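User: Hello! I would like to learn how to read some features of a protein model. Could you take me through them one at a time?

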Amino acid sequence: MSTPTAQSPHPGSIKRTRSCATRLVCHRCGHHYPLEDTVFACPDCGKGLDIEYDYELAARRFEEVPRSQRPQNIWRFEELLPIVDAAAQARVGQHAGWTPLIRADRLGAELGLSNLYLKDDSTSRPSLSYKDRVVSMSVARLLEKGKEEIGCVSTGNVGTAVASMAAKAGVDAYVFYPNRLEDTKARACRALGAKVCQVEGNYDEANKRCRELALATGMDFANITLRPFYAEGAKTAAFEIVGQLEWQAPEHIITAAAGGTLSSRLHKGLGELQLLGLAETDSTRIHIAQPSGCNPIASAILAEEAEVHAVTPETAAHSLAIGAPGDGYLVIDAVLKRGGTAGFASDPEIFAGIDLLAATEGLLTEPAGGTTIAVLEKLAAAGRFDPGDTVVAIITGNGLKTLDEHPEKPWPDKIDCELDAMLEALIELKGTGSLVSEARAQLQP
Ligand SMILES: [Zn+2]
């Protein structure tokens, strides 16, 4: 079978990016479709579609532009991204991606890890979560198709990313939410000008109906009809992590999993860096973290099963409450091929993970990030990492969006604004325990 070369859907009519994307291919049966096709799931077997690239061309194009001249944003590695229309690409995500990789010495000391790093997507622009990476691709693809409306189904962060990026690109956004989510995220969508609709049903039910709505109306949905493009944005986290480590791939990457896009595309992105000869990434293990109340992927990995069995989510980590993860089978494949593992954490452990990260590294994350830290702690305690291994934990979302959902902590009485009363209060405060020790006690009872 010959592989087509990368070319424009409208040769000669647009200014092209350096994208080396060639075509859409089915994850399961291998049938392929033209890149400009509007198909988003395989008509033959129903599975999702991947995007293929001309890697020989990509390797040459990588040499053409020095790293110092590449943009410090989501498009830095555009050879390996799927957008071909340069004008569309220029309207999206110019400040997305390129989040800091933070050396986490204090958290590492707590966990016995001397080379721990945090990929801090909680500070991503514009909407403070990793979803800016994937939604950048969806909105750019929408513009490439010349459309002006975008929908999404969201547990929270996709919605705020779509609302924000649609506003900047000048397109209308429609956000559909399930019945349980962190309210601040939905309110942020409205504040950003999106039209918001909450439906009575969980995420999996809402997702199914939004798919029907997309087919009935022809409206594109960021994470349904644009999904093959959306998913490619997640690879940029892998590219950035390895680049920020001076092209020495880490021994381990751990991240929370919901639908499974990020963890499965970390695998693809790492593989592409190896293919292009940019870094040795074969030995990087990928580990995933899920809440105990919604752990279909982690359960399948630990039971060594090839497919996930859907569950009904029951967890305070609403952004991870996807019981029938579309990319679950890809995550299983990624984790097993890379010799990684999975773990899960109860709701109290998830909030203890948030506290431990906050009190050691000064980062306030949401329950998804707390899940990652709680499972990182368990895997470290179980000896899954050598003490000198480089471990990267991805912090996918910001705790300022979810603070109202965190368990209440005892709040001191208001006192008189007067020196003696304040001295007395200060002495009392000094006698209370530290957040680090409280979190550790919760994580290792
Ligand atoms: Zn197929």
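User: Which residue in β12 is the bridge partner of proline 291?

Analyst: Strands of a sheet pair through backbone hydrogen bonds, either parallel or antiparallel. Here, proline 291 has alanine 345 in β12 as its bridge partner. Two strands count as paired if DSSP finds at least two bridges between them. Strands (E, at least two residues) and helices (H or I, at least four) are DSSP runs numbered from the N terminus.
Before we go on, two notes on the source. Residues are numbered from 1 along each chain as its sequence is written. The model is predicted: local features need pLDDT of at least 70, side-chain atom pairs count only at pLDDT 80 or more, and totals for chains, interfaces and linings use all residues.

User: What sense of pairing do β11 and strand β12 have, and over how many bridges?

Analyst: β11 pairs with β12 (residues 342–345) in the parallel sense over 4 bridges. Strand β10 (residues 252–256) also pairs with β11 in the parallel sense, over 5 bridges. There, histidine 252 stands opposite arginine 285 in β11.

User: Which unit do β10, helix α10 and β11 make?

Analyst: With α10 (residues 261–275), β10 and β11 make a right-handed β-α-β unit. A crossover is right-handed if, with the strands pointing away from the viewer, the path from the first strand over the helix to the second runs clockwise.

User: How many residues of strand β11 are buried?

Analyst: Burial is judged by counting other C-beta atoms, placed from the backbone, within 10 Å of a residue's own: 20 or more is buried, 12 or fewer is exposed, and in between is partly exposed. In β11 (residues 285–291), 6 of the 7 residues are buried.

User: Where is glutamate 246, and is it buried or exposed?

Analyst: Glutamate 246 lies in the loop between α9 (235–244) and β10. It counts as exposed because it has 7 C-beta neighbours inside 10 Å.

User: What is the phi of glutamate 246?

Analyst: Most residues other than glycine have a negative phi, and most peptide bonds are trans. Glutamate 246 has a positive phi of about 60 degrees although it is not a glycine. Tryptophan 98, also not a glycine, has a positive phi of about 55 degrees, and its place is in the loop between α2 (86–90) and β4 (101–103). Tryptophan 98 is partly exposed, because 17 other C-beta atoms lie within 10 Å.

User: Which peptide bond is cis or trans at proline 126?

Analyst: The bond from arginine 125 to proline 126 is cis, with omega near 5 degrees. Proline 126 is in the loop between β5 (115–120) and α4.

User: How is the protein divided into domains?

Analyst: The bounds come from an automatic or database domain assignment. Domain 1 covers 21–94 + 131–230, and domain 2 covers 101–126 + 234–405. Their C-alpha centres lie 22 Å apart.

User: How many residues of domain 1 are in contact with domain 2?

Analyst: Two residues are in contact if their C-beta atoms, placed from the backbone, lie within 7 Å. By that rule, 27 residues of domain 1 are in contact with 29 residues of domain 2. The elements giving two or more residues to the domain 1 side include α1 (55–64) and α5 (157–169).

User: Which strand order does the open sheet of 4 strands have?

Analyst: The order is β8-β7-β6-β9, with parallel pairing. β8 (195–198) and β9 (220–221) are the edge strands, each pairing on one side only.
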